[in-house]
Amino acid sequence: MLLGDSVALVTGASRGIGRAIAVRLAEEGAKVAINYAGNDAAAAETKSLIEEKGGEAILVKANVADREADSQMVEEVVKTFGRLDILVNNAGITRDGLMLRMKEEDFDAVIDTNLKSVFYLTKLASKIMMKQKSGRIINMSSVVGLTGNAGQTNYAAAKAGVLGLTKSAAKELAARGITVNAVAPGFIGTDMTAVLPEGVKEALLSEIPLKRMGDPEDVAEAVLFLASKRAAYITGQVLQVDGGLVM
Ligand code: NAP
């Protein structure tokens, strides 16, 4: 088992990429706290998937954009499992629209959920990890944070912000035995991309050298690697999981 008896908190783990990460980390021995915003049934399904395979998991429902809720959530994880070794900041939303028409509330919602939450939770987790003198923080960015994307000024700003935060936190926390890395997925098959118009999906697919969209499991493997001892000498890096879309 790659993760021994470690404890992981995965945000946005009720569905999509977060669920695949939670299941994969649990398969490798981690006890997993499954965070989500509101979808109780989906979160319970992630928990069942883990338990069916003999793993251990708890549900921690919290809006990651709410600092107080984050604080209570981290407290609950440590109260239940006694420690926190791996934080995966995966929860994210989109509120797409062309910039000239984008409402400020849609800009703020995406920044709060996709970026500010990473600041809150990285702070909270690193305090615990510093005492343990070890830890792994993995932040979900996107290739859109590297390239920009018409219709996603809010999302691209948040995902680019995640990269800057990741590198800065990596520099601050390295001496404490904590690594901080980012994963930047390309076009992955989840609820988030299911809503894209067929024309947009086809255009994207034609741009991907590996000629398929990614599965959540493709991203989960990258996160597992960064969370494991195998990545002990890697920090402040961005691992793209995009089928070669952005080179
Ligand atoms: P998804 O299928 O839409 O799932 C989103 C997850 O985030 C759900 O578990 C949802 O919980 C949770 N969530 C949303 N807002 C939250 C909040 N305020 N507090 C706590 N949890 C919240 O998304 P996905 O495609 O798996 O994406 C996961 C991450 O990968 C996101 O950061 C996304 O930006 C990034 N990403 C995705 C792609 C892609 O192609 N899919 C590409 C690049 C990057 P509920 O079920 O309770 O709503």
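Is Lys211 buried or exposed? In this predicted model, Lys211 is exposed, with a relative accessible area of 55%. The residue sits in the loop between H8 and helix H9 (216-227). Lys211 is not a glycine, yet its phi is positive, at about 60°. Most residues other than glycine have a negative phi. Lys133 provides another case, with phi near 65°. This residue belongs to the loop between H4 and strand E5 (135-140). Lys133 counts as exposed because its relative accessibility is 65%, and the cut-off for that class is over 50%.

Lys211 also leads back to helix H8. Leu205 is found in this helix, which spans residues 198-207. Leaving aside neighbours within four places in sequence, Leu205 is in contact with Lys211, Arg212, Met213 and Phe187. Phe187 is 18 residues away from Leu205 in sequence. In space, the C-alpha atoms of Leu205 and Phe187 are 8.2 Å apart. Leu205 is partly exposed, with a relative accessible area of 31%.

Helix packing was examined next. Helix H4 (residues 104-132) takes part in a contact with helix H6 (residues 153-173). Their axes come within 8 Å and cross at roughly 15°. H4 and H6 are therefore roughly parallel to each other, as angles under 35 degrees fall in that class. The crossing is right-handed. On the H4 side, the contact is made by Asp106, Phe107, Val110, Ile111, Asn114, Leu115, Val118, Phe119, Thr122, Ser126 and Met130. H6 contributes Thr153, Asn154, Tyr155, Ala157, Ala158, Lys159, Gly161, Val162, Leu165, Ala169 and Leu173. Sorted by class, the contact of H4 with H6 holds 14 nonpolar, six polar and two charged residues.

H4 also packs against helix H3 (residues 67-81). Here the angle is about 35°, and the axes are 10 Å apart. H3 passes H4 in a right-handed crossing. From H3 come Arg67, Asp70, Ser71, Met73, Val74 and Val78. They meet Ser117, Tyr120, Leu121, Leu124 and Ile128 in H4. The residues of this contact divide into seven nonpolar, two polar and two charged.

A further helix pair is formed by H1 and helix H2 (residues 40-52). The two pack at an angle of about 20°, with axes 9 Å apart. H1 and H2 are therefore roughly parallel to each other. Their crossing is right-handed. H1 supplies Arg19, Ala22, Val23 and Ala26 to the contact. H2 supplies Ala42, Glu45, Thr46, Leu49 and Ile50. By class, the contact of H1 with H2 has six nonpolar residues, one polar and two charged.

H1 (residues 16-27) also contains Leu25. Leu25 counts as buried, at 0% relative accessibility. Beyond residues up to four places away in sequence, Leu25 touches Leu3, Ala8, Val10, Ala30, Val32, Ile86, Val88, Leu224 and Ala227. Ser6 lies 19 residues from Leu25 along the chain. The C-alpha atoms of Leu25 and Ser6 are separated by 9.4 Å.

Ser6 itself is located in the segment before strand E1 (7-10). Ser6 is buried, with a relative accessible area of 11%. The Ser6 side chain reaches the backbone oxygen of Leu3 at 2.6 Å. Not counting residues up to four places away in sequence, Ser6 touches Gly29, Ala30, Lys31, Asp85 and Ile86. Ala30 and Ile86 are also among the residues that Leu25 touches.

Asn181 counts as buried because its relative accessibility is 1%, and the class covers values under 20%. The side chain of Asn181 reaches the backbone nitrogen of Gln237 at 2.9 Å. Gln237 is also one of the residues that Asn181 touches, not counting those up to four places away in sequence.

Definitions and conventions. Residues are numbered from 1 along each chain as its sequence is written. This is a predicted model: local features need pLDDT of at least 70, side-chain atom pairs count only at pLDDT 80 or more; totals for chains, interfaces and linings use all residues. Side-chain values use heavy atoms; hydrogens and water are left out. Helices (H or I, at least four residues) and strands (E, at least two) are DSSP runs, numbered from the N terminus. Buried means under 20% relative accessible area, exposed over 50%, partly exposed in between (1.4 Å probe, protein chains only). A polar contact is a pair of N or O atoms within 3.5 Å; within protein, one must be able to donate a hydrogen and the other to accept it, and residues adjacent in sequence count only if both atoms are side-chain atoms. Contact means heavy atoms within 4.5 Å. Axes are lines fitted to C-alpha atoms, for helices over the stretch in contact, and angles run from 0 to 180 degrees between N-to-C directions. Angles under 35 degrees count as roughly parallel, over 145 as roughly antiparallel, 65 to 115 as roughly perpendicular and the rest as oblique. A crossing is left-handed if the near helix is turned anticlockwise from the far one by less than a right angle, and right-handed if clockwise. Ala, Val, Leu, Ile, Met, Phe, Trp, Tyr, Cys and Pro count as nonpolar, Asp, Glu, Lys and Arg as charged, and the others, Gly among them, as polar.
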